[in-house]
Amino acid sequence: MEKKRMISGITTTGKITLGNYIGALKNFVDLQDDFEMYIFVANLHGITLPIDKETLRKNIKETVALYFACGLDPTKSNIFIQSDIAEHAELAWVLTCNTTLGELQRMTQFKDKSNKVKSDNGTEFIPTGLLMYPVLMAADILLYDASFVPVGKDQKQHIELARSIAERMNNKYGEMFKMPEEYHPKVGAKILDLQDPTKKMSKSSLNSKSYIALLDNIEEVKKKIKSAVTDSENLIKYDLENKPGVSNLITIWSSLANLAIEKIEKMCEGKDYGFLKENVTNVVVSLLEKIQSKYNEIYNSDDLEKWIESGTLNAKKAASKKLRKVYNLTGLNYKRK
Ligand code: TYM
């Protein structure tokens, strides 16, 4: 049977976190035997806010090396860099012309990020790229006729917009795009900030104790878990609403050890938060040690570029075929009646 297609990417805005791993990367790896995967490094999204070129280059290489270090296999998955496939930007323009300003201004990530630019810089200078971000993301997805998009919960609104644009354009031009669906991991679609568990863990957080980065120093990681905010009850129970900090630690343990949450709760009966944190530390440290050792092995090898060659070729093939169809259906291709 033909495998269904999946598409996803991670933005090159900073360190890849445990949230990115549990919400997305781990899923990519777990699913690569059963789906035709297209996984890219979202470097065009990585310039929506100012970033200097050395940092951007470093982030791109780091992201792709981490993909492989985490277990993505270039013989199973198509790995590529977004800007290497010009069709992403080309399709984004056509989609832009089928999207309204209101839709983009209503996006919560746009509101959050533009408010942050205003408060951080005291300026009204909001980069247009921030507004257009979800259109480019819709192009990333629709270009590949993907059935599923494996992402964390925070991407929900973006995927809904991609679906609205697809539906609108299918109605207007005839069957053009496949309707994509989001695909969340069973556990850990939203990993929380270690210091403020009412928020999601984010790589752009200013407090480095709030997140664990996959390349963090191991001793630092131990300290971060030790100082993770819990509550004063000392009762290990999964209750996201009333005990978000504790529930977050249980979620991390459950995802990384492949243990059901109820099983962890049983194992923790009568134990204190020290026991919970010790176990979370063990699973996180053992994962990061494995990833970091593989990362150090491959980061400077010539293999990295070789490993993205066939993924880039396959992506180019799929993307150019789709864009041709879009140009034919919209009338942009003037040579065809
Ligand atoms: P980004 O780079 O912010 O995050 C990458 C992936 O990690 C997930 N994620 C989380 N999952 C669980 N808990 C968290 N705390 C957490 N933080 C992040 C995100 O949901 C995402 O799956 N816009 C995307 C990148 C992108 C993309 C695409 C994704 C561009 N084009 C097309 C899918 C399809 C983003 O900024 O992800």
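Student: Which residues lie nearest the centre of the second largest pocket?

Tutor: First, the basis. This is a predicted model, with local features needing pLDDT of at least 70 and side-chain atom pairs pLDDT 80 or more, while totals for chains, interfaces and linings use all residues. Residues are numbered from 1 along each chain as its sequence is written, and side-chain values use heavy atoms, without hydrogens or water. A pocket is an open set of points on a 1 Å grid over the protein atoms alone, with protein on both sides within 12 Å along at least five of seven lines; lining residues have an atom within 4 Å of a point. Here N27, D30, P185, K186 and V187 lie nearest the centre, among 14 lining residues.

Student: Which elements give two or more residues to that lining?

Tutor: Helices are DSSP runs (H or I, at least four residues), numbered from the N terminus. For the second largest pocket, the elements are α1 (18-31) and α9 (244-257). The largest share, five residues, comes from α1. Domain 1 (5-184 + 302-330) and domain 2 (208-296) each provide at least three lining residues; these bounds come from an automatic or database domain assignment.

Student: How much space lies in the second largest pocket, and what is its lining by class?

Tutor: A volume is the space filled by probe spheres set on grid points, which are joined across faces, edges and corners. For this pocket that is about 290 Å³. As for class, Ala, Val, Leu, Ile, Met, Phe, Trp, Tyr, Cys and Pro count as nonpolar, Asp, Glu, Lys and Arg as charged, and the others, Gly among them, as polar. The pocket lining has six nonpolar, five polar and three charged residues.

Student: Which residues line the largest cavity?

Tutor: A cavity is a set of points where a 1.4 Å probe fits but cannot get out. The count is one cavity of 30 Å³ or more. The largest cavity holds about 50 Å³ of space. M107, Q109, F110, K113, L130, Y133, P134 and H158 line it. Helices α5 and α6 each supply at least two of the lining residues.

Student: At what angle do α5 and α6 pack?

Tutor: Two packed helices are described by the angle between their axes and the distance between the axes. Axes are lines fitted to C-alpha atoms over the stretch in contact, and angles run from 0 to 180 degrees between N-to-C directions. Helix α5 (residues 108-121) packs on helix α6 (residues 128-142) at about 165°, with axes 10 Å apart. That makes α5 roughly antiparallel to α6 (over 145 degrees). The crossing is right-handed, the near helix being turned clockwise from the far one by less than a right angle.

Student: Are α3 and α13 roughly parallel or antiparallel?

Tutor: The axes of α3 (residues 87-96) and α13 (residues 309-330) cross at roughly 25° and come within 10 Å. The two helices are therefore roughly parallel (under 35 degrees).

Notes: Parallel < 35°, antiparallel > 145°, perpendicular 65-115°, else oblique.
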